[in-house]
Amino acid sequence: MLNSELLKEDGILIVSPKEALQASDFEQLAKSIDPYIEDNGSLNGLMIYTESFPGWDNFAGMVSHIKFVKNHHKYIKKIAAVTDSGIASVLPKIASHFVDAEIKQFDFTDKDEALSWLKES
């Protein structure tokens with residue numbers, strides 16, 4: 001399950017994976033943010049807010065995640081990874097090879113700081 005909240009006034013999407021990710025999670029996410037991107041051109045920021053990454057339910061979930069990133073990364077200016085997951089320390093370095101967005105990692109307890117950073121122009 002992937003919970004999401006779109007802060008329309010700020011152009012920021014907050015996603016919070018709660019359990020293993022499924023293909024349907026990314027289909028629903030695209031349906032909810034694509035109209036916003038179409039109307040506004042991009043998102044100012046994306047916050048991934050999870051204490052630890054729950055992984056994928058199956059291979060289809062992983063493929064759907066990759067397709068979502070491929071189709072949406074060029075419309076996101078900044079990404080804040082707000083997590084205590086071990087992979088978070090290397091995420092910005094790895095992701096910078098695949099996405100255009102500026103990426104920064106924050107501790108799970110620093111959600112407000114991450115949101116402030118996303119709101120900066």
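Colleague: What does the side chain of K78 reach in this predicted model?

Modeller: In strand β4, residues 76-82, you will find K78. Its side chain comes to 2.7 Å from the backbone oxygen of W117. A polar contact needs the two atoms within 3.5 Å.

Colleague: And why is K78 said to have no salt bridge?

Modeller: A salt bridge has to lie within 4 Å. For K78, the nearest side chain of opposite charge is E120, and that is 4.1 Å away.

Colleague: What makes K78 a charge over a ring?

Modeller: K78 lies over the face of W117, at 4.5 Å from the ring centre, and the distance limit is 6 Å. K111 does something of this kind too: its charged end sits over the ring of Y49, 4.5 Å from the centre.

Colleague: How many aromatic pairs are there?

Modeller: The count is four. One of them joins Y49 and F108.

Colleague: Why is the pair of Y49 and F108 called stacked?

Modeller: Stacked rings have planes under 30 degrees apart. Here the angle is 10°, with 4.6 Å centre to centre. Y49 belongs to strand β3 and F108 to the loop between β5 and α4, so the pair ties together parts 59 residues apart in sequence. Both Y49 and F108 are buried.

Technical notes: Residues numbered from 1 in each chain as written. Predicted model: local features only at pLDDT ≥ 70, side-chain atom pairs only at ≥ 80, totals over all residues. Heavy atoms only, no water. Phe/Tyr/Trp six-rings, centres within 6.5 Å; stacked < 30°, edge-to-face > 60°. Helix = DSSP H or I, 4+ residues; strand = E, 2+ residues; numbered from the N terminus. Buried < 20%, exposed > 50% of the residue type's maximum accessible area, 1.4 Å probe, protein only. Lys NZ or Arg CZ within 6 Å of the ring centre and 35° of its normal. Lys, Arg positive; Asp, Glu negative; His and termini not counted. Polar contact = N/O pair within 3.5 Å; in protein donor to acceptor, adjacent residues only side chain to side chain.
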